[in-house]
Amino acid sequence: MWKKQQELAELRRQERIGDLLLLLQHDHVYTNGWRGDRSNLLADDATLSRIGAAYHVVERGGDITYHGPGQLVAYPILNLRGVASGVRDYIARLETVVIRTLATFGIEARTIPGLIGVWVDDAKIAAVGVKVRRGITYHGFALNVDPNLDYFSHIIPCGLERASVTSMSSILHRGITVDEVQPVCRAAFADVFGLDLRSGRLPG
């Protein structure tokens with residue numbers, strides 16, 4: 001999906017496709033931003049093999065995070081000039097999408113000054129890490145719907161020593177699926193960015 005994002009970003013730059021929002025789940029994987037600290041991964045290779053997780057350094061901003069089943073990952077492929085005044089505004093809009101999505105399910109979330117991401121009380125529920133290349137965005141955010149939170153014990157999330165993580169299912173005290181959350185997130189994204197997002201097959 002990393003290479004696919006790059007391919008789609010180039011197609012968007014060439015105006016061969018329109019704006020896209022990719023919503024998906026990953027297999028177990030830890031990713032680190034290109035300026036992230038490898039020491040924030042607390043698992044050695046043997047542990048990664050045992051828990052069935054991969055580790056990759058990617059070119060997005062931010063530090064280490066986890067992706068896996070039960071987590072809604074959003075990768076917007078957008079022309080930045082058409083949707084935000086700059087990267088900081090774009091990130092703030094992504095955070096707003098998450099907050100509105102959570103509000104639909106009765107969860108009150110917030111941002112914390114100086115930190116990137118979305119929080120419920122003092123626990124992080126969504127990580128944000130983006131890349132903008134030649135005016136086109138890729139990477140995005142990951143919202144914890146109902147993942148196995150034990151996987152976060154193998155990292156220092158986003159490089160924050162005392163950060164705890166939570167999920168929608170933990171807060172709501174019930175099972176909830178990514179399929180339930182996905183259309184709500186798509187609608188919130190379309191509203192925040194003023195886009196008409198149409199479903200369809202990816203090119204290539």
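Mentor: Let us begin with strand β2. Val29 and Thr31 point one way from β2, while Tyr30 and Asn32 point the other way. This is a predicted model, in which local features need pLDDT of at least 70 and side-chain atom pairs count only at pLDDT 80 or more, whereas totals for chains, interfaces and linings use all residues. Residues are numbered from 1 along each chain as its sequence is written, and side-chain values use heavy atoms, with hydrogens and water left out.

Trainee: In which sense do β2 and β3 pair, and over how many bridges?

Mentor: β2 and β3 pair in the parallel sense, over four bridges. Threonine 31 has histidine 56 as its bridge partner in β3. The three strands form an open sheet in the order β3-β2-β4, with mixed pairing.

Trainee: Why are β3 and β4 called edge strands?

Mentor: Strands β3 (54-57) and β4 (65-67) are the edge strands because each pairs on one side only.

Trainee: Why is threonine 101 called buried?

Mentor: Buried means under 20% relative accessible area, exposed means over 50%, and partly exposed lies in between (1.4 Å probe, protein chains only). Threonine 101 has a relative accessible area of 0%, so the term buried applies. Threonine 101 lies in helix α3 (residues 87-104).

Trainee: Which residues are in contact with threonine 101, leaving aside its neighbours within four places in sequence?

Mentor: Contact means heavy atoms within 4.5 Å. With those neighbours left aside, threonine 101 is in contact with Leu143, Val181, Val184, Cys185 and Ala188.

Trainee: How do you know that the span of helix α5 agrees with what it should be?

Mentor: The expected span is 1.5 Å times one less than the number of residues. The 16 residues of α5 (residues 178-193) should span 22 Å, and the end C-alpha atoms are 22 Å apart, so the values agree. Among the buried residues of α5 are Val181, Cys185 and Ala188.

Note on methods. Two strands pair if DSSP finds at least two bridges between them. Helices (H or I, at least four residues) and strands (E, at least two) are DSSP runs, numbered from the N terminus.
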